[in-house]
Amino acid sequence: MSSATTSATSATPRRALLADPGYQAFVILRTAFTVAPILFGLDKFANLLVDWPAYLAPWINDLVPGSAQAAMYAVGVIEIVAGITVALAPRFGAWLVAGWLAGIIVNLLTIPDYYDIALRDFGLLLGAVALARLAERYHGKRQH
């Protein structure tokens, strides 16, 4: 009888957590900021979605060694690592993604005609900050 009581009481907090809109937002943002950086990072090696080197500001291309495509390979690795970090340690990973997005925004603001993409990335940066704040509350409080 005690095992039935124990499983019922341990399931109740989990159900309450899953019903919490804040926790739901945390899960949605954590999933998005895990999957998107990994997929976009992988695409830096394939250029299926877009010609990624075109998004590198000329002044940054002049600073980094090698070609713009080689720089995109490094960017891809960083984005994959950032996505994995969000999955494993969202309180840190979300800030890492937000900082990375800030760098992307600076890059895009220095390329004519990319201001709309910079604005979109600013919205993503705000989403990453929201994830970081939600992770402070919810990460580590999951019921098993």
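Predicted model: local features only at pLDDT ≥ 70, side-chain atom pairs only at ≥ 80, totals over all residues.
Visitor: Where do Tyr 23 and Phe 26 lie?
Guide: Both belong to helix α2, which covers residues 21-43.

Visitor: What about Trp 52 and Tyr 55, how are they arranged?
Guide: Trp 52 and Tyr 55 form a tilted aromatic pair, with 5.8 Å from centre to centre and 50° between the planes.

Visitor: Trp 52 and Tyr 55: buried, partly exposed or exposed?
Guide: Trp 52 has a relative accessibility of 14% and therefore counts as buried. Tyr 55 has a relative accessible area of 23%, so this residue is partly exposed. The cut-off for buried is under 20%.

Visitor: Which residues make up the cluster linked by ring pairs?
Guide: The cluster consists of Phe 40, Trp 52, Tyr 55 and Tyr 114.

Visitor: What sits over the ring of Trp 52?
Guide: The charged end of Lys 44 does, at 3.5 Å from the centre of that ring.

Visitor: Let me step back. What is the secondary structure of the chain?
Guide: The protein chain has 6 helices and 0 strands. Read from the N terminus, its elements run α-α-α-α-α-α. Of its 144 residues, 35% count as buried.

Visitor: How do α5 and α6 pack?
Guide: Helix α5 (residues 90-109) and helix α6 (residues 115-138) pack at an angle of about 165°, and their axes are 8 Å apart. The two helices are therefore roughly antiparallel to each other. In passing α6, α5 makes a left-handed crossing.

Visitor: Which classes of residue are in that contact of α5 with α6?
Guide: The contact has 22 nonpolar residues, 4 charged residues and no polar ones.

Visitor: And α2 with α4, what is the angle there?
Guide: The angle between α2 and helix α4 (residues 68-88) is about 160°, with the axes 7 Å apart. That makes α2 roughly antiparallel to α4. The crossing of these two helices is left-handed.

Visitor: What about α2 and α6?
Guide: They pack at about 125°, with their axes 9 Å apart. This means that α2 and α6 are oblique to each other, since roughly antiparallel needs an angle over 145 degrees. Here, too, the crossing is described as left-handed.

Visitor: Changing topic: what is phi for Asn 47?
Guide: Phi of Asn 47 is near 55°, which is a positive value in a residue other than glycine. Asn 47 is in the loop between α2 and α3, the latter being residues 58-63. With a relative accessible area of 26%, Asn 47 is partly exposed.

Visitor: And phi of Asp 113?
Guide: For Asp 113, phi is near 75°, a positive value in a residue that is not glycine. Asp 113 is placed in the loop between α5 and α6. Its relative accessible area is 69%, so Asp 113 is exposed.

Visitor: Where is Gly 123, and how far is it from Leu 101?
Guide: Gly 123 is found in helix α6. Gly 123 and Leu 101 are 22 residues apart in sequence, and their C-alpha atoms are 9.7 Å apart in space. Gly 123 is partly exposed, at a relative accessible area of 39%.

Visitor: One more: how far is Ala 87 from Ala 32?
Guide: Ala 87 and Ala 32 are separated by 55 residues in sequence and by 9.8 Å in space, C-alpha to C-alpha. Ala 87 is placed in helix α4. Its relative accessible area of 30% makes Ala 87 partly exposed.

Notes:
Residues numbered from 1 in each chain as written. Heavy atoms only, no water. Axes fitted to C-alpha atoms, helices over the stretch in contact; angles between N-to-C directions. Helix = DSSP H or I, 4+ residues; strand = E, 2+ residues; numbered from the N terminus. Parallel < 35°, antiparallel > 145°, perpendicular 65-115°, else oblique. Left-handed = near helix turned anticlockwise from the far one by under 90°. Nonpolar A, V, L, I, M, F, W, Y, C, P; charged D, E, K, R; others polar. Phe/Tyr/Trp six-rings, centres within 6.5 Å; stacked < 30°, edge-to-face > 60°. Buried < 20%, exposed > 50% of the residue type's maximum accessible area, 1.4 Å probe, protein only. Lys NZ or Arg CZ within 6 Å of the ring centre and 35° of its normal.
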